[in-house]
Amino acid sequence: MDQKALFLRQVKLFVEKHGFILVPRKQNTLFMAERGMTMDDLRRVILSLEPKDVFDGPEPDRDPQRAEKWTVAEFSPEHEEETLYLKLSVRTDVERCKCLSVKLYVDRRETRE
């Protein structure tokens with residue numbers, strides 16, 4: 001099993017067992033509020049992710065204090081005719097999943113002139 005599939009398997013297992021933590025960043029709460037997206041909606045998006053949705057990672061968290069325990073990957077799933085940007089992190093020793101970021105996906109290649 002490749003890294004992306006293994007990471008996703010852990011994400012789904014942990015979310016089904018314990019739910020997930022949405023990091024309370026303003027952009028996350030604002031994005032969800034603007035779209036009327038509930039935690040259940042976000043949970044369904046996370047549980048429907050596939051390896052093809054991964055565009056970066058999985059890799060150790062870039063924060064040196066978290067790198068040893070947390071693994072991060074970035075996703076661009078479709079949801080209600082929009083492409084989302086999701087950044088998820090898992091910690092296997094405590095079986096936890098965090099959603100670090102949820103917003104509209106912007107292709108960096110399209111924004112460079």
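## Aromatic pairs

Rings of Phe, Tyr and Trp (its six-membered ring) are paired if their centres lie within 6.5 Å, and a pair is stacked with planes under 30 degrees apart, edge-to-face over 60, and tilted for the rest. This is a predicted model, in which local features need pLDDT of at least 70 and side-chain atom pairs pLDDT 80 or more, while totals for chains, interfaces and linings use all residues. Residues are numbered from 1 along each chain as its sequence is written, and side-chain values use heavy atoms, leaving out hydrogens and water.

Across the whole structure there are 3 aromatic pairs. Phe 55 and Tyr 105 make an edge-to-face pair, 5.2 Å centre to centre with 70 degrees between the planes; Phe 55 is in strand β2 and Tyr 105 in the loop between β6 and α4 (108-111), 50 residues apart. Helices (H or I, at least four residues) and strands (E, at least two) are DSSP runs, numbered from the N terminus. Phe 55, Tyr 85 and Tyr 105 form one aromatic cluster.

## Nonpolar core

A nonpolar core is a set of buried (under 20% relative accessible area, 1.4 Å probe, protein chains only) Ala, Val, Leu, Ile, Met, Phe, Trp, Tyr and Cys residues, joined through side-chain atoms within 4.5 Å. The largest such core has 24 residues, and Leu 42, Ile 46, Phe 75 and Leu 86 have the most contacts inside it. Helix α1 (3-18) is among the elements giving two or more residues to this core, and α1 supplies its largest share, 5 residues.

Leaving aside residues up to four places away in sequence, Ile 46 touches Val 11, Lys 12, Val 15, Phe 20, Leu 86 and Leu 88, where contact means heavy atoms within 4.5 Å.

Methods
Buried means under 20% relative accessible area, exposed over 50%, partly exposed in between (1.4 Å probe, protein chains only).
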